[in-house]
Amino acid sequence: MVGHNVEAPFSDTYKDQMSIIEMPLSEAPLCISCCPVKGDLLVGCSNKLVLFSLKYQIINEEFSILDFERSLIIHIDNIIPVEISFCIGYVALMSDLEVLILKLESDPKNGESVNHQPPKTNNPMKQTEDVSSETLQLESDDFVICQKPMELLGEKSSQSGISVTLESTGLADEKTKYYHVQHLLYKRFAPDISSYVFSDDIKLHSLQLLPIYQTGSLTSGRKNLSQEKELLSLFCFFSLPHVGYLYMVVKSVELMSVYQYPEKSQQAVLTPQFLHVIASNNLQCFTVRCSAAAAREEDPYVDTTLKACPPVSMDVCALRIQLFIGLKAVCHFKNHLILLTKADPEAIPERRDSPKRLLSRKGTSGKLKAPPVAEAGWNLYIVDTISPVQLYKEMVDYSNTYKTAKTQSCIHLLSEAHLLVRAALMDAHQLEPGEKAELLEAFKESCGHLGDCYSRLDTQHSHLALPYYKMSGFSMAEVLTRADWVLEAGSQKYERGLIFYINHSLYENLDEELSEELAAKVVHMFHVAEPKQLPHILCSPSMKNINPLTAMSYLSKLDPSGFSSILVTLTKAAMALKMGDLDMHRNEMKRHPEMKLVCGFILEPRLLIQQRKGHIVPTELAAHLKDTQPGLLVASVLGLQKNNKIGIEEADSFFKVLCGKDEDIIPQLLVDLWEAQLIAGLPDVVLQELFFKLTSQYIWRLSKRQPPDTIPLRTSEDLINACSHYGLIYPWVNVLISSDSLADKSYTEDLSKLQSLLCGPSFDIASIIPFLEPLSEDSIAGLSVHVLCQTRLKEYEQCIDTLLERCPEAIIPYANHELKEENRTLWWKKLLPELCHRIKCGGEKGQLYLSSLKETLSVVAVDLELRDFLNVLPEDGTAAFFLPYLLYCSRKKSLT
């Protein structure tokens, strides 16, 4: 007997023998449930539920056996379980008229632990229940005392008066231990006392927990190969004789569906696709909403413009009712229904004596009796349920009868068909590859049918045509071909769903070009339904093949007044270009001032920039503006950036493609845009990155002697006046540049802009030093940039040496501008000795050095006292030369 002390080793013949697992119980069991995921057993007794965990005992590498361990006792008061259901920690128990759903949680909370001895409760509600039951027992001959119906959801269900405590008894590891209970649902029904007597038939039956697992995308074709299935959603079903209830109990507890049976039911079984109910003489089949609820849990894009799913709140419907005589019990496995019938309609046994129940409930009158030997009439049927694809096809064929009626019935029926296929796909790991491919095809087809419904019918949910058509995989051309072009009162009428789908699809820049015929049909559709959208529609890349004459004829019918008139004007100008009529184009562009035209481009960026197959493509209008109105083009792109209609990198790519330049060559229009960005101060532009782009381009052009490919839109003077980041160029820089009589005037603008940027307050000079190498100091332009950078980095002594060597005429302007405040001492500590030394050495620049020395002495004589002035003078100098400065220094105090 497995479950006791098992001796090892086992013989090879053991695997061929029967294994009997004995699980002793202290009380008589009333009901039992097996977890469909882990195989754990839950046994219900009169005041407790006992959990037996399934264990795998490995005997050796080739052999293992199963065993059960009693791991948990759930003590419950004030309810006697008639049926229970257990699924991966969720427990549902049911009495004749009460249902309680609990969740066993394995994460220990602070201050909570498992009660090894269930304490006696002092719950006042329990005392009330005891008093009520006692009163009912004492006065049952004279009164009927009934409790009110009640439904408590979530944590409120803990107020039901039913006490639940846990007692851990097993040696399970910490991962599988249950520490506390979460109450999810309590529901109590009132008995039917319309006939003033209790009826044993008015009782709950068919309690069931149904799990649905994570499957991945329906259209991905991916198969879930993981052995550990992730629970996506859990549903609980229970039923009265004439009505059934389906609840969703994961994440939130809510009533999903209520089933009204045409006849009194005996038993029901819930599957992910259907609800099967048996009455005495028929088998009924209903739709369920589990897959719709699970789809919303699984896919975050459901109920968006990308995907949709029929609502959970949609009414359930009966699919079919089949005649069976004497139905007694039903159960379900995959696509099989197992039915037990008895032909003799007499002597119907009490419900708890049905073949489904193997153990009788203690204290009840219905006990197991040995059937008579001669009893006959029992039959067992195994019925294959119709395949989802076949049933789907039947439902679609039936829906065609409603197609022209324009009612909700067609949508409801096709939604049922869609959910049927979706539910089958959510259990895809049980399907063969061929079956799954057939279901996927049916799924896409059902999405197309629903798209057709919502595009044709004028409902408040007509926008759902878009996600259903997307899920169907149909192209825009296929949808337009499927559309019904209905004539009403001699004119065409287009429903909102189709208009919404086409409008949204054309805005998405799909890589699909409509034929000239379909494009003309779309233009006519919007002319009738939404004429204000026509300019936007014509700017879509999908409408590339539209005949410009056709487009102009519809545009000319639009109201020329209003805010959209700018957009109409620009669209007409674009169509005129397409026709080659430049005069018409110029006339249209002159209708509005430039700033209004910029506003028009902001309203519809696709007039300038389109995307095809992931690449940016400038329009014909943009190419024409590049040659004729480059300022308008740059201002428009800047406006798009300000309004978040285009990104920084997209704008850069646009101008490179527009100007036909390689990736490494920067066109002047792009430089114009960068300068405009700096002036505008775009919030999403990183200043230092923009500085780097501009300085790199200026330096590259100066080093390569490469002039701009087009005339710059702004001069350096314009930038200095308009942008605080461009500073006034230092006076000594102008002296330095003017000394170069051979300077190429075509580069002066780039040099002035670079110098102005380096003189500005915002630029991080250290970041540009590594990129100055191509710009040689041999030229005056390069020298000015290098000395500017060194000056901004406070390397004054090195700058003095450089200027004395290369451009002595700039040294005094440089010193006057830079050697101030804490740098004032460099006049006599650095500049004066250097000038004296260079005069002694002689040379062709002696006169320049001499004049600079005189200027320096004038400054030093003013700043220093006589003694300090004498100390800085050279010892070998000529007294007559220095005498005037000495006299001024000695007399300045008395003069003061």
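Visitor: Which residues of α19 are buried?
Guide: Keep in mind that this is a predicted model. Buried here means under 20% relative accessible area. In α19 that picks out Leu 690, Phe 691, Lys 693, Leu 694, Thr 695, Gln 697, Tyr 698, Ile 699, Arg 701 and Leu 702.

Visitor: And which helices do the buried residues of α19 pack against?
Guide: Contact means heavy atoms within 4.5 Å. By that test the partners are α17 (648-658), α18 (668-680), α20 (716-722) and α22 (748-759).

Visitor: What does α19 reach from its first C-alpha to its last?
Guide: Helix α19 covers residues 687-704, 18 residues in total. At 1.5 Å a residue you'd expect 26 Å. The model comes out close to that, at 26 Å.

Visitor: Are α19 and α22 parallel, antiparallel, perpendicular or oblique to each other?
Guide: Their axes are 9 Å apart and the packing angle is about 140°. Roughly antiparallel would need over 145 degrees, and roughly perpendicular runs from 65 to 115. The pair therefore counts as oblique.

Visitor: How many charged residues are in the contact of α19 with α22?
Guide: On the α19 side you have Phe 691, Leu 694, Thr 695, Tyr 698, Ile 699, Arg 701 and Leu 702, and they meet Asp 750, Leu 751, Lys 753, Leu 754 and Leu 757 in α22. Sorted by class, that contact has eight nonpolar residues and one polar, and the charged ones number three.

Visitor: What about α8 and α9: how many charged residues does their contact have?
Guide: The axes of α8 (residues 496-507) and α9 (residues 516-529) come within 11 Å and cross at roughly 120°, which makes α8 oblique to α9. Leu 498, Ile 499, Ile 502, Asn 503 and Leu 506 in α8 meet Val 522, Met 525, Phe 526 and Ala 529 in α9. By class that gives eight nonpolar residues, one polar, and charged ones: none.

Visitor: Is Lys 794 buried or exposed?
Guide: Lys 794 sits in the loop between α23 (780-792) and α24 (796-806), and has a positive phi of about 65° despite not being a glycine. The cut-off for exposed is over 50%. Lys 794 has 60% relative accessibility, so it counts as exposed.

Definitions and conventions: Residues numbered from 1 in each chain as written. Predicted model: local features only at pLDDT ≥ 70, side-chain atom pairs only at ≥ 80, totals over all residues. Heavy atoms only, no water. Axes fitted to C-alpha atoms, helices over the stretch in contact; angles between N-to-C directions. Helix = DSSP H or I, 4+ residues; strand = E, 2+ residues; numbered from the N terminus. Parallel < 35°, antiparallel > 145°, perpendicular 65-115°, else oblique. Nonpolar A, V, L, I, M, F, W, Y, C, P; charged D, E, K, R; others polar. Expected span 1.5 Å × (residues − 1). Buried < 20%, exposed > 50% of the residue type's maximum accessible area, 1.4 Å probe, protein only.
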